[in-house]
Amino acid sequence: MSDHDIDPTSPRMAPKPEVTKIAGRELKPSTLMMGHGYDPVLSEGSLKPPIFLTSTFAFPSAADGKRHFEGITGKRPGGADGLVYSRFNAPNQEILEDRLSVWDGAEDALSFSSGMTAICVLMLAYASQNDVIVHSGPLYAASEGFVAKVLAKFGVTYVDFPAGATREEIDAVLKRAQAQADEQGGKVCMVYLESPGNPTNALVDIEAVRASVDAAQLDCPIAIDNTFLGPLWQRPLDQGADIVVYSLTKYVGGHSDLVAGSIAGAKKWMDPVRMLRNTMGGICDPNTAWMLMRSLETVELRMSRAGDNAAKVCDYLAKHPKVEGLGYLGMIKDARQQDIYDRHCKGAGSTFSLLLKGGEAECFRFLDALKIAKLAVSLGGTETLASHPASMTHLSVAEGRRAELGISDNLVRISIGIEDADDLIADFEQALEAV
Ligand SMILES: *Cc1c(COP(=O)(O)O)cnc(C)c1O
């Protein structure tokens, strides 16, 4: 530490307790994102957290080193109470994790180097040989592949059910999963959801899944991939989920310039995953953690604007004669889906599917004619993206399964960004003329 302008005995330089409430009013996440979990006094007064590029941390004393390792190795419950080694924990990642917890109302969060690292470490932490994972469908293709191909190598099987299933249907699925687990000599180790499903936008009834799991007296966590609607438009922990999962690469990062992931929930659900992350690695790097903190300061602004833009664009597209339909949460046609939406969602998001009259050829002409929207997979960035799932993200899905999931050849997936809405409408208008 340099001694520029710093008098360590001055009361101005003493660490300050964080303000989370003013006059009994709990501060909102968008306010907390500017400072939560970080005290400038501890870093030379630097208003923003420095990026801590270090692999290891000096212990104040040997006894402290021992105590920290007891936390890291799980010999003492409650986890590490100090910084040890950057595969386990580090300042930028800890501040990021504190801030991520705020959005979902979670006790604890863990950051990862990608969404898929978060999902794989989470599943590995809970699945033992001969266990059964129950999951909604469709899942992000790599998640589905990890369950069906990688976990299968260790004798883990799965039972899946369509997003939108009713309480009775979920009850029946859990019964089937329990029977399968009994037969294999294992247990149902996790219920894993993704809502809305990609690219169909079908919603899962999280409250019904919670009620079903409780009624079946299953002692396993309900985890949910909330990448498409979180953290602004859906808070699944409020609906009874135990663990919320993110690809931070999408809306949270929000600028299509990084790859990262996270999970959040009660400490008791996070602890086994933290232990496995300590062993395997996969924690987010400090530079990416810093970028994500910058992104979190504007996540509400960006998502609100993207959501408003998507509503305007969909209003326009819904009336266009070359459009057969829209898979947009702001225009649900099914009463059951609308009921789930009303109970679970605070906004319709900005990612939707556009069904054109025609097939692949019409979609390709449309995509190739777009001038503002970029032709790329991914979503949740500041820029509008468009892609063709049947020939791109879901090409590896068998044709029969694709049809079952509603991924037709005339489906274009669009993620609306924060550009000017009328400019976007003009772009879609000229591209539809080219079809
Ligand atoms: C992108 C995505 C993932 C994977 O995240 P990465 O950060 O690319 O590893 C998982 N789930 C959903 C819903 C996604 O969109």
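I started with Asp-242, which is buried, its relative accessible area being 12%; the cut-off for buried is under 20%. The model I am reading is a predicted one.

I then looked up where Asp-242 sits: the residue is in the loop that runs between β7 (222-225) and β8 (243-247). I checked its side chain for polar partners and found a polar contact with the side chain of Arg-210, at 3.1 Å.

Next I went to Ser-143. I placed this residue in helix α5, which covers residues 141-150. Is Ser-143 buried or exposed? I noted a relative accessibility of 0%, so Ser-143 counts as buried. Not counting residues up to four places away in sequence, Ser-143 touches Met-116, Ile-119 and Tyr-192.

Last, I traced a sheet. I read the strand order as β10-β11-β14-β13-β12, an open sheet of five strands with mixed pairing. Which strands stand at the edges? I found β10 (323-327) and β12 (374-375) there; each has a single partner strand, so one side of each has no neighbour in the sheet.

β12 pairs with strand β13 (residues 385-387) in the parallel sense, over two bridges. For Leu-375 I wrote down Ala-386 in β13 as the bridge partner.

Methods: Residues numbered from 1 in each chain as written. Predicted model: local features only at pLDDT ≥ 70, side-chain atom pairs only at ≥ 80, totals over all residues. Heavy atoms only, no water. Helix = DSSP H or I, 4+ residues; strand = E, 2+ residues; numbered from the N terminus. Buried < 20%, exposed > 50% of the residue type's maximum accessible area, 1.4 Å probe, protein only. Contact = heavy atoms within 4.5 Å. Pairing = 2+ DSSP bridges. Polar contact = N/O pair within 3.5 Å; in protein donor to acceptor, adjacent residues only side chain to side chain.
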